[in-house]
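Here are a few notes on the model you sent over. Have a look at the structure first, then go through the points below.

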Amino acid sequence: MFAKINFHDEFYQKLKLLVLPITMQQFMLALVSATDAIMLGAVSQTSLSAVSLAGQIQFVLNLFISGISAGSGIMAAQYWKKDAASIEEVMPIALRTNLIFSGVFTVFAAVAPEVLMRIFTSDPALIESGAVYLRAVSLSYLLCGISQIYLIL
């Protein structure tokens, strides 16, 4: 009734090579957030709340980045069997699109983080603390946009 799965099969060996880096990247992203919460929980409630709200901005950016990356990955998969050369055209378009979105978020987070924080709160203390955090992590938004495309494609 149930087929026995052979995890030593060539397909599963290749799948492990693909899944492990993706798993590690997602684990590291989650670990950064957890580490922020642990460290800031010891500092003050205001800092913890501000970083949590600032994390919402990264969440919104990740929605854009993931959508672009997933769509590009699906498009590349469609080309894989019939027209592998077209994949070389998909990647630069996806990379440029992710660079535009992550670049806009990076610039806003570095130059006007208070504006981004006001989207989520009106408390001046949270805006001030969140703005400091956003400036510190702003460059990571651009790097995340680039790495996601290379990871998916």
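How many Å apart are the mean positions of the positive and negative charges of the protein?

1. Charges first, then. This is a predicted model, and in it the mean positions of the 8 positive and 9 negative charges lie 9 Å apart.

2. On to the fold. Along the principal axes, the C-alpha atoms take up a box of roughly 60 × 40 × 25 Å.

3. Now the inside. Of the 153 residues, 29% count as buried. The largest nonpolar core is made of 15 residues, and Ile-57, Met-117, Leu-134 and Tyr-141 have the most contacts inside it. Two or more residues of this core come from each of helix H2 (45-82), helix H3 (87-111), helix H4 (113-120) and helix H5 (124-152).

4. Leaving out residues up to four places away in sequence, Met-117 touches Ala-50, Leu-53, Ala-54, Ile-57, Leu-126, Ile-127, Gly-130, Ala-131 and Leu-134. Two of those partners, Ile-57 and Leu-134, are also on the list of residues with the most contacts inside the core.

5. As for contacts across the chain, take those with a separation of 6 or more: 72% of them are between residues 24 or more positions apart.

Terms used
Residues numbered from 1 in each chain as written. Predicted model: local features only at pLDDT ≥ 70, side-chain atom pairs only at ≥ 80, totals over all residues. Heavy atoms only, no water. Core = buried A, V, L, I, M, F, W, Y, C linked by side-chain atoms within 4.5 Å. Buried < 20%, exposed > 50% of the residue type's maximum accessible area, 1.4 Å probe, protein only. Helix = DSSP H or I, 4+ residues; strand = E, 2+ residues; numbered from the N terminus. Contact = heavy atoms within 4.5 Å. Lys, Arg positive; Asp, Glu negative; His and termini not counted. Charge placed at Lys NZ, Arg CZ, Asp CG, Glu CD.
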